[in-house]
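Trainee: I would like to learn how to read a structure like this one. Could you walk me through a few features?

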Amino acid sequence: MLTGKQKRYLRSLAHHLQPIFQVGKGGTNEQIIRHITDAIETRELIKLSVLNNCLDDPKQIGEELAADSGAELVQVIGRTIVLYKESRENKQIELPKN
């Protein structure tokens, strides 16, 4: 679980990132979850966008993707989702202590 301070720090890092995945009208599936898991292991912090033709709620999609990929949901703002997971081999982000 991330603390409020850690989430704030991650949001500041994610601000300048471009979304690397898009969730469309098909919603989430095994393939996108596999790609997200691979990308998050490499980058630790990723941003996704939910397209306008997707009828599902972005917050629900964010929670679903976080649970299925083993990541932490940092933020859902509008149709943009930010996920974080500490990398085992490519650790780059040092989270602030409490």
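Trainee: Leaving aside its neighbours within four places in sequence, which residues is Glu 41 in contact with?

Mentor: Contact means heavy atoms within 4.5 Å. By that rule, and with neighbours within four places in sequence left aside, Glu 41 touches Ser 87, Arg 88, Glu 89 and Asn 90. A word on the model too: it is predicted, so local features need pLDDT of at least 70 and side-chain atom pairs count only at pLDDT 80 or more, while totals for chains, interfaces and linings use all residues. Residues are numbered from 1 along each chain as its sequence is written, and side-chain values use heavy atoms, with hydrogens and water left out.

Trainee: Where is the place of Glu 41?

Mentor: Helices (H or I, at least four residues) and strands (E, at least two) are DSSP runs, numbered from the N terminus. Glu 41 sits in helix H2.

Trainee: Is Glu 41 buried or exposed?

Mentor: Buried means under 20% relative accessible area, exposed over 50%, and partly exposed in between (1.4 Å probe, protein chains only). Glu 41 has a relative accessible area of 18%, so it is buried.

Trainee: How many salt bridges does the count come to?

Mentor: A salt bridge is a side-chain nitrogen of Lys or Arg within 4 Å of a carboxyl oxygen of Asp or Glu. The count here is three salt bridges. One of them joins Arg 88 to Glu 41, with the closest N and O atoms 3.9 Å apart. Arg 88 lies in the segment after strand E4 (80–84) and Glu 41 in helix H2 (residues 30–43), so this pair ties together parts that are 47 residues apart in sequence. Arg 88 is exposed, at 69% relative accessible area.

Trainee: What lies 3.1 Å from a polar atom of the side chain of Glu 41?

Mentor: That is the backbone nitrogen of Arg 88.

Trainee: Which side chain meets Glu 86 in a salt bridge?

Mentor: Lys 91 does, at 3.8 Å from N to O. Glu 86 is partly exposed at 45% relative accessibility, and Lys 91 is partly exposed at 40%. Glu 94 and Lys 97 also form a salt bridge, at 3.9 Å, and both of these residues are exposed.

Notes. A polar contact is a pair of N or O atoms within 3.5 Å; within protein, one must be able to donate a hydrogen and the other to accept it, and residues adjacent in sequence count only if both atoms are side-chain atoms.
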